[in-house]
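Thanks for making time, everyone.

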Amino acid sequence: MAESGQQGAPDPGKAADLAEFIVLLGELRIWAGQPSYRVLAKRVGPLLRPARTVSPFTVVDAFKVARRRLDLDLVVGIVRALGLGEDEVDRWRKACVRVHACAKTGGPTGALRQLPADLATFTGRSTELEALLAAAVRPRADNAAATVVISAIEGMAGVGKTQLALHAAHRLVRDGRYQDVQLYVNLRGFDPESPPIDPAAVLDSFLRHLEVPAQQIPDGLDERAAMFRDRINGKSALIILDNAADEQQVRPLVPSSPSCLVLITSRRSLIELDDAVVTQLDVFDQGDAVSLLTRIVGAERVAAEPEAAEAVVEACGYLPLAVALVAARLRSRPSWSLAYLMSRLRKHGVDAVGTQPLQDVFDLSYGGLDSRTQRLFRLLALHPGQDFTAPAAAALAELGEAESELLLEYLQDEHLVQQQTPGRYALHDLLHAYASGLAQQEHDEERNAVERVLSWYLASVDAAAQQIMPARYTLPLELPPMAAVPAGFDGSAEAMAWCDQEYANLLAAAERAAGIPGSDLAWRLATSMSMYLLLRCHLQETLHVHELGLESALAGRHLAGEAWVRSNLGICLAALGRPESAAPQLTRALEVRRELGDVSGEAATLSNLARVLVESGELEAGLDCSMQALAAAGRAGDRKREGTALNSVAICLWELKRPLEALDYLHRKLAMHREDRDAIGLGLALHNIAEFHETLQQYDEALQVLREAQHIASASGDLHAEAGALFGIARCLSATGQHQAARPDLERALAVFEKLKAPELPDARELLTRITELTDDEE
């Protein structure tokens, strides 16, 4: 926090990119007392120049982390409306301009500051908080081994473990500690609908956020854990492992470096974690419970009825979650007295008010909602994933997105949903169980809602796949009309970003779809997700969802679905280094394509089978398959499949030591992509041609092709492809003795490789060392 900043307000200067800036803007809203979006919109309008009416939806959009740009005037208006002085407003303005400039140049990669927002209503826990902070900064004894600090917060559901961990984390970060990395994960250790999160999946996510390229992440849990310990070693890192099931789940996620702090929350005692500092969290005492009630409803109302306030918190069993829910209900009903609230709590005729506080409190909160909000709350328990967005909730409840957003905001005001990051909502475990019980009373509504939200995810991920790879082979979706509009995307980068955000939900959707008898959703989801999963190297997950999809297609006797799924299974198994398992899947897919008379699909499957045969060393068989694929694509008049087949033929000929013929087929592919103006295909063709020329030591020809490839990659904003072309240019120049001329291109490529942690990095460094030695010798 800069010295000029207002006390406790987040510092916009810490934002490394636009997403972090938006997260800090959300934290500023919390710091200012978390005014609702409706209230904020009313404040912002008169502050704009010219003054105008601002919709709450416009303000909501400004807090969505997935946004690619923000309106600067709106941001300045929001910051002013949140109570900052003009000096601070100017700092936020400059930070907003800076992160937008960063976004235009590619910006940093990874998400290294993941702390959910602190709660403005955090109350009490002073003893436990000071103990946590002291453990985090306490110096080690001289004779003690330097190890990572682990603090475990244990206690019952709803007692405030997560809020304490987050508050402590924010305090430490504001004090200048753990500035390098802050990672957060909800391990879902006690989710009634799904098993705890696999630590291998958590490590996959952590490593990607630490900028490890997907293809370098190993498959095994132990290997991933070792890589995580290596990549985070020496970093000043804070890791929150929230809602842990047991020691086995968290142990692989704990680094070994003494520069790290791990905060763990769990309902169980984690006695097997060596050296962990354990904080046992109980319910509030009466004073803290009344303080929380006061923070939410206001001091005047509590002071007017102190005895009723004490009775209310006693009826809540002094459980923080229950007190917050009751307080939210009272805040939204200014005409209610605390005594009247107490009578409502007793409406079930419970003799001893404290015997079932949660059921009474939940009933009170739920009963105060209008019917549409009640319905949405019930249906939220049916969402397949860990959290959800307003569009996904709209799909569940057959609402428009705008209405869904307003209802979710109302539920958040009532403390019935949580919004840990802007735009993404979640139910507390206890409320999830309560809502699930309500939903189960409406069986028809339950099944229809699940199918609606799964269909929405299918339509959205299919739209993403069309942007990610327009040339892919597709099937009609055949989905029913939906009230909620599926996600739409402006280009492949936006589509990939959405898939990254919804990754866990997409996997959960595939799992849930597999459990619906007679539904096509499982295999359709698998096929629509395949392009994203494969490009992100989520190979084990690709395998799993397609195995589920194959069971669905076979059970429904959907031949086209079977062919689709088996083709993707073959590609995935080949990528996993299992060509012997891939070939039977592709062979059966080919049989089905031919049975259906699907000539274009036959061409695609033959090209994939050819690739597997080449990897198995069956080169002549691979060439035969490739030529069959080329012929089938020609019969179908499918130029996309024809381009794939030409590339497959070229690879086979190259492996058969027939390079000139291979180049001829690549040039045919290049000409086709030029004619079709297919930038992606053109770039890939140029890359392959240049690689072939370089291998043949035809450096002048390779340089000509590489410079065109660099120009195309630069125009499309593909940093990695542009760096790859520059690296190729440097190799060719160096190979012809032009070492000084190679250095600028190599240094540009190396800078990008280092930023992306690309697999080419070691080779590029080695070439720079060799060029440096050679030029030093020349001098």
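This is a predicted model: local features need pLDDT of at least 70, side-chain atom pairs count only at pLDDT 80 or more; totals for chains, interfaces and linings use all residues.

Helix H13, residues 306–315, and helix H15, residues 338–345, have axes that come within 9 Å and cross at roughly 25°, where axes are lines fitted to C-alpha atoms, for helices over the stretch in contact, and angles run from 0 to 180 degrees between N-to-C directions. Angles under 35 degrees count as roughly parallel, over 145 as roughly antiparallel, 65 to 115 as roughly perpendicular and the rest as oblique, and H13 and H15 are therefore roughly parallel to each other. In H13, the residues Ala308, Ala309, Ala311, Val312 and Ala315 meet Leu338, Ala339, Leu341, Met342 and Leu345 in H15, contact meaning heavy atoms within 4.5 Å. By class, this contact of H13 with H15 has 10 nonpolar, no polar and no charged residues, with Ala, Val, Leu, Ile, Met, Phe, Trp, Tyr, Cys and Pro counted as nonpolar, Asp, Glu, Lys and Arg as charged, and the others, Gly among them, as polar.

Residues are numbered from 1 along each chain as its sequence is written, and side-chain values use heavy atoms, with hydrogens and water left out.

Now to the chain. Its secondary structure comes to 36 helices and 7 strands, which are DSSP runs numbered from the N terminus (helices H or I, at least four residues; strands E, at least two). The C-alpha atoms fill a box of roughly 90 × 70 × 65 Å, taken along the principal axes. Of the 779 residues, 54% count as buried, that is, under 20% relative accessible area, with exposed over 50% and partly exposed in between (1.4 Å probe, protein chains only).

Glu398, in the loop between helix H18 (390–397) and helix H19 (401–413), has a phi near 55° and, at 48% relative accessibility, counts as partly exposed. Gln697, in the loop between helix H32 (679–695) and helix H33 (699–716), has a phi near 60° and, at 58% relative accessibility, counts as exposed.
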